[in-house]
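Hi there,

Here is the structure I promised to pass on. Have a look at it first, and then read my notes below.

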Amino acid sequence: MILENFSLQGKVAVVTGCDTGLGQGMALGLAQAGCDIVGINVVEPEETIAQVTALGRRFLSLSADLRKLDTVLALLERALAEFGHIDILVNNAGIIRRQDAIDFSEKDWDDVMDLNIKAVFFISQAVAKQFIKQGNGGKIINIASMLSFQGGIRVPSYTASKSAVMGVTRLLANEWAKHGINVNAIAPGYMATNNTQQLRADEARSAEILDRIPAGRWGLPADLMGPAVFLASPASDYINGYTLAVDGGWLAR
């Protein structure tokens, strides 16, 4: 039956940046579908741990600043020691810095690019090597953005990094599909998370955004549960290199 293809029973998913917001929503969706979760965060994701374990799933919490790539292999070794295999990677961890392009600093450029795209590439590389070693394929889900498709304003490094995420998603899919590894991305629209707190607090800007969204509301972390489970499951085995917009219709306007 088709619903069996959406089951993730017995799978292990590595989710970066799952202490709050979209990462938390996706981790919970994967856990509800059957996954045990390896969460990689800067802070202890206490709320996410409690919700995942309440579902009867295991949660391994690892702490790291993913801009420091020398930690990546050690993190994966700990995950493998705990679970024995890895089946899914969700590259969600990311940051944003807002400033006019004319005044944007090198530090704000490097901080965003190091986490949002450099870490995404090298974590994917490390996990793909493990997938190939295991011989059963695997699923990689990158988190893109509306700014993978558009320029935006006052977020030059974020726009650059998320445009790169979409491009790298395609490249990795081209190279790794032959190993049974599906690499795809989700591009969330305007979501009610920490990253958009400034926008939502600006009444005029918030109204402009909502006026353009056909769904008439900001997205919620729960809106990413279904897309994440789909792209992590056998139901998406013939989808490679695609970036799925979950945006309430924003790009359709």
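**A buried aspartate**

Aspartate 36 is buried but has no salt bridge, and the nearest side chain of opposite charge, arginine 58, is 4.7 Å away. Here buried means under 20% relative accessible area, exposed over 50%, and partly exposed in between (1.4 Å probe, protein chains only). A salt bridge is a side-chain nitrogen of Lys or Arg within 4 Å of a carboxyl oxygen of Asp or Glu. For charge, Lys and Arg count as positive and Asp and Glu as negative, while His and the chain ends are not counted.

Please keep in mind that this is a predicted model: local features need pLDDT of at least 70, side-chain atom pairs count only at pLDDT 80 or more, and totals for chains, interfaces and linings use all residues. Residues are numbered from 1 along each chain as its sequence is written, and side-chain values use heavy atoms, with hydrogens and water left out.

What does the side chain of aspartate 36 have beside it? A polar atom of this side chain lies 2.8 Å from the backbone nitrogen of arginine 58. Beyond its neighbours within four places in sequence, aspartate 36 is in contact (heavy atoms within 4.5 Å) with Lys11, Val12, Ala13, Arg57, Arg58 and Phe83.

**The sheet around it**

Aspartate 36 sits in strand 2 (residues 36–41). Helices (H or I, at least four residues) and strands (E, at least two) are DSSP runs, numbered from the N terminus. The open sheet has 7 strands in the order 3-2-1-4-5-6-7, with parallel pairing; two strands pair if DSSP finds at least two bridges between them. Its edge strands, each pairing on one side only, are strand 3 (59–63) and strand 7 (243–246). Strand 7 pairs with strand 6 (residues 181–188) over 4 bridges, and proline 188 stands opposite valine 246 there.

**Salt bridges**

The structure holds 10 salt bridges. One of them joins arginine 97 and aspartate 111, with the closest N and O atoms 3.1 Å apart. This pair links distant parts of the chain: arginine 97 is in the loop between strand 4 and helix 4, and aspartate 111 is in helix 4, 14 residues apart. Aspartate 111 counts as buried because its relative accessibility is 11%, whereas arginine 97, at 25%, counts as partly exposed.

Another salt bridge is between glutamate 208 and arginine 205 (3.4 Å, N to O). Both lie in helix 7 (residues 203–212), 3 residues apart, about one turn of the helix.

Best wishes

Key. A polar contact is a pair of N or O atoms within 3.5 Å; within protein, one must be able to donate a hydrogen and the other to accept it, and residues adjacent in sequence count only if both atoms are side-chain atoms.
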